[in-house]
Amino acid sequence: MPKDSDDPRTPMPRLRKPVAADGVAIWELVKACKPLDENSLYCNLIQAEHFRDTCVLAEIGGDVVGWVSGHMIPGRGELFVWQVAVSPKARGIGLGRAMLLDLIKRDACGGATHLKTTITRDNAASWALFRGFARGIGAAVSEAPHFERDAHFEGRHDTEHMVTIALPDAKALARVA
Ligand SMILES: CC(C)(COP(=O)(O)OP(=O)(O)OC[C@H]1O[C@@H](n2cnc3c(N)ncnc32)[C@H](O)[C@@H]1OP(=O)(O)O)[C@@H](O)C(=O)NCCC(=O)NCCS
């Protein structure tokens, strides 16, 4: 992420774990970040309270501008990233990538061999984010259709492709800025 001095209009967001009191701000941010699916407010409250160790919130002066929700997949050493949302006013400064990097360096993700996420074919920004992230950590990426339009969504939603990124070990990760 560029330093503050690179662009005086964009202060460096602070990254932290969420708390339940962030729930409404997270819910509003996700709503403002099309084409993300909108969640119930209750879903975001549960994420912020029960899954805070694998979620990242970014704020500038108390204003929530970024969000990553994730969880360790039960019974597998894999981190699933559910949603990444960056406010239009904080896009293009590397915040999405910085939040993913912050997340995989957490103790809670130490046991993860892979990061997984699903992306619809038409979400160019999301493909660019995850491919760029993988490139930045020197990781291999694979993809395959997973939740399919007809089999899983009864035609109501485009196919979600599962993207799998092999994560470097802690020693190699420590060398990634
Ligand atoms: C996708 C999103 C999170 C990217 O956030 P961001 O902080 O602007 O992304 P970054 O600045 O970290 O950029 C990461 C990479 O994605 C690329 N990128 C970002 N937005 C892009 C866009 N709209 N189209 C094409 N590439 C894009 C950047 O150029 C960068 O590429 P690089 O690694 O080759 O340099 C943000 O645009 C967003 O919230 N979109 C709406 C919600 C969404 O689709 N979320 C992702 C699905 S979960």
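**View 1. Lining of the largest pocket.** Among the contributors to the lining of the largest pocket, β4 gives the most, with six residues. The structure shown is a predicted model, in which local features need pLDDT of at least 70 and side-chain atom pairs count only at pLDDT 80 or more, while totals for chains, interfaces and linings use all residues. Residues are numbered from 1 along each chain as its sequence is written, and side-chain values use heavy atoms, with hydrogens and water left out. A pocket is an open set of points, on a 1 Å grid over the protein atoms alone, where a 1.4 Å probe fits and protein lies on both sides within 12 Å along at least five of seven lines; lining residues have an atom within 4 Å of a point. The largest pocket holds about 1000 Å³ of space (the volume filled by probe spheres set on the points, which are joined across faces, edges and corners). Its lining comprises 39 residues, of which Leu36, Trp82, Val84, Asn123 and Ser126 are the closest to the centre. Two or more lining residues come from each of β4, α3, β5 (114-120), α4, β6 (141-147) and β7 (160-166); helices (H or I, at least four residues) and strands (E, at least two) are DSSP runs numbered from the N terminus. By class, the lining has 20 nonpolar, 11 polar and eight charged residues.

**View 2. The ligand and its shell.** The ligand takes up the space of the largest pocket. Around the ligand are 22 residues, and Val84, Val86, Gly96, Arg97 and Arg135 come nearest (near: a heavy atom within 4 Å). At least two shell residues are supplied by each of β4 (78-86), α3 (95-104) and α4 (124-136), and α4 gives the most, with six. The shell has 11 nonpolar, seven polar and four charged residues.

View 3. A polar contact is a pair of N or O atoms within 3.5 Å. A polar side-chain atom of Arg135 lies 2.8 Å from an oxygen atom of the ligand. The protein covers 72% of the 920 Å² of accessible area that the ligand has on its own (Shrake-Rupley method, 1.4 Å probe).

**View 4. Backbone geometry in two loops.** Pro35 is found in the loop between α1 (23-32) and α2 (41-50), and the peptide bond from Lys34 to Pro35 is cis, with omega near 10 degrees. Glu154 lies in the loop between β6 and β7. Phi of Glu154 is near 45 degrees, a positive value in a residue other than glycine.

Key:
A polar contact is a pair of N or O atoms within 3.5 Å; within protein, one must be able to donate a hydrogen and the other to accept it, and residues adjacent in sequence count only if both atoms are side-chain atoms. A molecule sits in a cavity or pocket if more than half of its atoms lie within 2 Å of its grid points. Ala, Val, Leu, Ile, Met, Phe, Trp, Tyr, Cys and Pro count as nonpolar, Asp, Glu, Lys and Arg as charged, and the others, Gly among them, as polar.
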